[in-house]
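Please keep the sequence and the structure in view while reading.

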Amino acid sequence: MTGVQTCALPISPRAQRHPLQSSDGPMPGFLEYVFGKREDRSCPPRLEELKKEAQGIMNPDIFDGARFEFNKTLTQKFQLNHNITLGSSQVPSAYEFGATFGDERVLLRGRTEMSGRVNGLVHAQVSDRTLLRLQTQMNPESLAASSCEARADYKGHDFATGAAYVAGGLTLCHAMKSITPNLAVGGEGFYHLHKPLKGASLAARAVWGPKEEHVATVKAGSFGQAELSYQRKVSDKVGLATELMYYHNQLCTFGLGYEFRLRQATFKGVIQSDTTCSASLEERVSAGVNLLLSGQLNHKKKDYKFGFGLAIGTQ
């Protein structure tokens, strides 16, 4: 009787490896299991854009009186702007002239008002990851009211960092890091070169959902202030947001906001805890012509604002 011989197949090292163990050892495998793969983590927004989704809903365009905007595109990179504001009894009328030049790497923008105030903005994308920004404001009536701010930002694969200097001696630095595909943490610090002023804050940002329709943020500072926000994209046309801001021994505000994006119109509304109700409507009347309506009321403070505007030459 002939015996049947069995041959044991060799087991590859990959098959013998524990699920939490990578080729580099057990610890990297455990970290990869908890935090995810590095290639799955994307670059978070800058700290100043921590709650940009909620702010887009919670900050409708509110103005008082009439406003007319005329934008004239001369070339593909150059544009002129004329803004006329017919204010109310509390807001004086004003005229502003501006020019904008921009391409894929450089953005130059200037604005001048009838009072002589001049605003300038420069964005220079020196590389795919490095952005330099300069913003200035010159007020001929008061030199102390003039300002200048320079910023340098760098975006890596899964982090964003930068530094800033404000005329007068204020320096700032910030950083955000994605520790998982859905969670980013970071912080910022500031120090004044000529005054006894310094502080820091910590922040976190969480994004989840099949289409990343949920965004929650938190930020706490060394002076006792705290900011919380949450934004949910219900659909492509409906968005909801809420925001809580707390300042120790000073005040605490809470607000709810909503946004409806229709085929040719965008409507935003905000209700604040101090009984302030705000709403804005931007409707595309025809190609290059937008109608602007805004209103804000607070019966408790007897503060009422209503604005009507027309924007011509918008993209």
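In this predicted model, Asn71 is in contact with Gln79, Leu80, Asn81, Ile312, Gly313 and Thr314, leaving aside its neighbours within four places in sequence. Asn71 belongs to strand β1, which covers residues 65-73.

- Asn71 has a relative accessibility of 18%, and because buried means under 20% relative accessible area, Asn71 counts as buried.
- The side chains of Asn71 and Asn81 form a polar contact at 2.7 Å.

**Cys173 in strand β9**
- Cys173 is located in strand β9, formed by residues 170-180.
- With a relative accessible area of 45%, Cys173 is partly exposed.
- Not counting residues up to four places away in sequence, Cys173 touches Gly162, Ala163, Gly187, Glu188 and Gly189.
- Cys173 and Phe190 are 17 residues apart along the chain, and their C-alpha atoms are separated by 6.5 Å.

**Loop residues with a positive phi**
- Most residues other than glycine have a negative phi.
- Asn249 is not a glycine, yet it has a positive phi of about 60°.
- Asn249 lies in the loop between β14 (238-247) and β15 (251-261), and at 68% relative accessibility it counts as exposed.
- Lys302, which is not a glycine, has a positive phi of about 55°.
- The loop between β18 (289-298) and β19 (303-312) contains Lys302, which counts as exposed at 68% relative accessibility.

Definitions and conventions:
Residues are numbered from 1 along each chain as its sequence is written. This is a predicted model: local features need pLDDT of at least 70, side-chain atom pairs count only at pLDDT 80 or more; totals for chains, interfaces and linings use all residues. Side-chain values use heavy atoms; hydrogens and water are left out. Helices (H or I, at least four residues) and strands (E, at least two) are DSSP runs, numbered from the N terminus. Buried means under 20% relative accessible area, exposed over 50%, partly exposed in between (1.4 Å probe, protein chains only). A polar contact is a pair of N or O atoms within 3.5 Å; within protein, one must be able to donate a hydrogen and the other to accept it, and residues adjacent in sequence count only if both atoms are side-chain atoms. Contact means heavy atoms within 4.5 Å.
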